[in-house]
Amino acid sequence: MIRTDTPQTIRLTDYRAPGYLINHVSLNVRLNREATRITARLDLLPNPASPDAGGPLVLDGQGLRLEAINIDGVPLTEDQYSLDNEHLTIHKLPQRAVCIETETTVDPSANKALSGLYLSNGVYCTQCEAEGFRRIAFFLDRPDVLSRYRVRLEARKSEAPQLLSNGNLVMAGDIVGSDRHFAIWEDPHLKPSYLFAMVAGDLACVEDSFTTRSGRKVLLQIYVEHGKEERCGWAMTSLKAAMKWDEERFGREYDLDRFMIVAVSDFNMGAMENKGLNIFNDKYVLASPDSATDQDYAHIESVIAHEYFHNWTGNRITCRDWFQLCLKEGLTVYRDQEFSSDIRSRPVKRISDVKLLRAQQFAEDAGPLAHPVRPSSYMEINNFYTATVYEKGAEVVRMLATLLGEEGFRKAMDIYFARHDGDAATVEDFVKCMEDASGRDLSQFFHWYEQAGTPQVMAQSRWLQSEGVFELTLTQSLAPTPGQPTKPDLDIPLAMGLVGPVGEDMPLDLEGTGVLNNPVIELREAVQVFRFRNVRQRPVPSLNRGFSAPVRLVSNFSAADEVALMGRDSDPFNRWEMAQNRASEIITRAIAAPDHAVSADLARGYGEALKRVLADNGLEDAFKALMAMLPGEQDLARELGSNVDPAAIHAARDALRRALGTQLEAELQRIWEALPTGGAYSPDPASAGRRSLGHAALDLLIAGDAASGAQLALGHFHAATNMTDKMGALNVLARIDCPQREEALSAFYDSHRSDPLLVDKWMTLNAVAPFEGAIARVRELMQHELFDITRPNRVRALIGSFAAMNPVQFNAPSGEGYELVAGVIEKLDGFNPQVAARLATNYRSWRALEPGRRAKAHDTLTRLRDRANVSRDTFEIISKSLEG
Ligand code: ZN
């Protein structure tokens with residue numbers, strides 16, 4: 001059956017202020033697993049600023065059973081209101097402040113969508129962003145309705161000794177004559193419904209405190225399952241570091257007496273910034289040396305910080321509507337990136353962030369799901385928590401910071417906080433603060449928010465020796481994306497340098513401007529020529545340093561110049577970038593070559609340059625590790641852009657890995673042997689860097705000589721005394737077909753089968769094998785007693801990883817990989833559309849494939865789209881994937 005009721009498209013241009021406002025919300029929640037009863041009293045009044053005041057009141061509500069409704073204590077008769085699947089409409093309201101009271105019941109035990117009130121491992125918890133509050137009570141469930149909340153929670157004492165909600169605890173006690181107890185919470189801050197939260201369950205609590213710079217003592221609590229208390233230390237350390245950093249860097253203090261984090265195991269996303277009561281996917285809270293890797297530690301630190309930073313960018317200043325999502329997300333990602341850069345290595349952080357941006361956002365921007373940082377329409381808002389809104393959104397803020405300079409940006413942020421505290425704001429409001437602080441006109445810059453696609457900047461240069469002029473011609477272009485055939489030119493800030501013979505930066509004496517203090521040029525026209533004077537020696541241009549603009553840079557610069565920069569640019573980002581460029585070119589040639597053989601000459605030249613980098617004592621280990629990693633298969637696919645054969649890419653990339661592994665064997669071996677084993681584990685950046693370099697060396701060694709490499713890896717696995725070393729070994733073993741792989745994987749399973757986060761790691765290791773048999777293995781694991789399709793972490797670990805991290809097998813020419821994932825999407829879509837739709841985005845690059853695979857993917861997608869009862873979420877992703 002073909003879906004007939006095509007979901008509606010919601011448009012930014014249709015925004016209307018709410019006809020009514022809700023000043024105060026009083027909830028009384030009587031928790032029971034199958035029937036939770038919720039009384040909601042809303043103090044509501046017509047919005048004087050809205051033309052819709054006086055009209056019917058349309059409250060959102062989904063999956064709620066309405067038991068009773070009254071206004072100012074008078075029950076409504078049936079003709080005074082109507083109910084459909086998504087709304088409760090009250091036809092006529094008195095034009096004054098009224099109190100509407102509804103009583104509803106919901107069934108948390110049946111809620112597998114994990115939106116609204118649900119049970120995770122027996123713990124009651126809520127998820128309200130974006131539109132989950134309407135699954136708890138009838139409400140104006142939109143971010144521009146700000147209310148004060150008072151919440152009474154009640155539950156069986158044995159089932160839920162802890163009763164939590166936002167704000168301050170004002171009263172708690174037993175209900176006499178029953179086995180139940182209650183707690184009353186009040187949040188003094190106005191907030192939109194998406195920031196509401198409650199949690200009830202039997203949880204352990206780890207406490208600490210933080211004294212703000214104005215001397216207020218804040219109680220910090222992390223709630224986890226019993227027995228996991230020891231794994232909360234790192235999250236707590238990270239939280240305190242984040243609180244301090246926000247005071248120092250942005251002048252922002254915490255504003256309640258208590259800050260709570262709850263870790264739950266079933267969660268659709270990473271974490272949620274509910275006011276004073278953050279709820280986390282437990283994988284971003286729990287860490288111990290024997291259960292978490294260095295990478296896990298770094299992720300926990302940044303997610304804890306991200307959610308905390310939302311208290312100002314998101315909660316105190318929220319979004320007027322969901323089109324403004326980047327206002328809180330892009331800005332908060334920028335803030336968490338800066339936090340990590342300040343407390344770790346800035347260049348290493350920048351390179352990692354750009355890798356992620358390219359892998360996820362560039363891929364999204366290059367395909368049918370491309371959309372602007374601020375979209376202008378959507379069917380389902382949950383589909384817009386994307387790399388574009390988050391990661392590119394952060395890049396846009398970073399460009400503003402580059403244009404305004406550090407001081408100017410801080411001044412603009414101060415204006416933003418002062419002017420909009422308590423508001424539901426727009427992107428225009430934010431950019432206006434940037435304009436007011438700097439005196440700049442940012443109207444051209446604003447296109448970054450409205451245009452989809454990755455801009456291309458073409459650079460051509462020549463040195464006019466006799467004039468002492470270096471001439472740089474830059475051309476910008478932006479390919480059409482769905483709904484945007486032509487686009488105006490952008491304002492592109494490009495940090496740059498002219499590098500002299502020994503790596504020194506020459507002064508930038510720009511014709512028409514003078515010597516640049518801040519080495520950033522702005523490309524604002526389609527074609528622009530920049531002439532630098534007094535350039536007496538031939539320079540090597542280093543452009544887009546630090547990746548100051550999220551563009552694709554192409555140039556006529558020579559391989560020799562790239563190798564030179566790889567060895568001596570003062571900008572570490574560009575040293576890495578040049579290495580990636582060189583590697584991409586070598587691999588791209590191998591893709592086209594017979595048997596995907598790599599050119600021995602090119603590989604040797606690259607290997608020599610890499611060897612010098614690895615031998616440079618002035619460089620950090622973590623940076624060297626990044627230098628030693630070749631561009632990913634999906635990066636290479638994106639660069640090719642069409643007629644993609646993922647197996648050929650894999651083979652060509654492997655050929656270069658193998659060549660490097662052989663050529664650099666001695667160096668790699670030295671690095672490998674310098675990796676300490678045993679001893680106490682510390683997650684600090686220097687130790688983590690040493691481990692990542694060791695594991696990068698192992699990856700190349702195993703490419704050079706699979707048999708001896710596999711032995712090394714297996715030995716490392718068995719000797720490991722922390723999870724980082726174990727995973728370092730497994731990550732390389734998992735990708736080669738050898739007996740050591742089987743041995744290590746089953747040993748890992750035997751030791752860690754009772755730890756869900758480690759079972760997830762094990763599932764992923766199984767799913768990423770790029771060789772024959774992987775699909776059968778994944779199918780087998782779907783029948784494993786530990787696979788549970790209702791648990792998002794498990795689904796992502798097995799199926800999500802297969803689709804996203806195993807391009808060879810997901811894109812198997814038979815189409816079996818596509819079918820496997822489609823089968824899971826179909827099942828999942830029936831109860832958790834959010835996670836199903838996210839899984840469906842893995843097909844987004846299907847049009848770039850070679851014809852055979854493209855046809856298979858097309859068949860699978862068409863069948864998925866035309867299913868009866870396909871959710872709005874999945875329909876939007878699949879139909880756009882097919883159209884674009
Ligand atoms: Zn966020």
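How many nonpolar, polar and charged residues does the lining of the second largest pocket have? The structure is a predicted model, in which local features need pLDDT of at least 70 and side-chain atom pairs count only at pLDDT 80 or more, while totals for chains, interfaces and linings use all residues. Residues are numbered from 1 along each chain as its sequence is written, and side-chain values use heavy atoms, with hydrogens and water left out.

By class, the lining comprises 16 nonpolar, seven polar and 17 charged residues; Ala, Val, Leu, Ile, Met, Phe, Trp, Tyr, Cys and Pro count as nonpolar, Asp, Glu, Lys and Arg as charged, and the others, Gly among them, as polar. The second largest pocket holds about 1300 Å³ of space. Of its 40 lining residues, I10, D60, H87, E131 and R134 are the closest to the centre. A pocket is here an open set of points on a 1 Å grid over the protein atoms alone, where a 1.4 Å probe fits, with protein on both sides within 12 Å along at least five of seven lines; lining residues have an atom within 4 Å of a point. Two or more lining residues come from each of β1 (10-11) and β4 (57-60), and β4 gives the most, with three. Strands (E, at least two residues) and helices (H or I, at least four) are DSSP runs numbered from the N terminus.

The zinc ion is coordinated by H306 (NE2), H310 (NE2) and E329 (OE) at 1.9 to 2.1 Å. Donors are N, O and S atoms within 2.8 Å of the metal (3.2 Å for Na, K and Ca); water is not among the atoms, so sites may look incomplete. Along the chain, the donors follow the spacing H-x3-H-x18-E. Because H310 lies in the loop between α2 (294-309) and β22 (318-319) and E329 in helix α3 (residues 325-343), the pair ties together parts that are 19 residues apart in sequence. H310 and E329 are both buried, that is, under 20% relative accessible area with a 1.4 Å probe, protein chains only (exposed, over 50%; partly exposed, in between).

Helix α3 also meets helix α4 (residues 346-365), their axes coming within 7 Å and crossing at roughly 145 degrees. Axes are lines fitted to C-alpha atoms, for helices over the stretch in contact, and angles run from 0 to 180 degrees between N-to-C directions. Contact (heavy atoms within 4.5 Å) involves Q337, E338, S340, S341 and D342 of α3 and R346, K349 and D353 of α4. These residues include no nonpolar, three polar and five charged ones.

Methods: Grid points are joined across faces, edges and corners, and a volume is the space filled by probe spheres set on the points.
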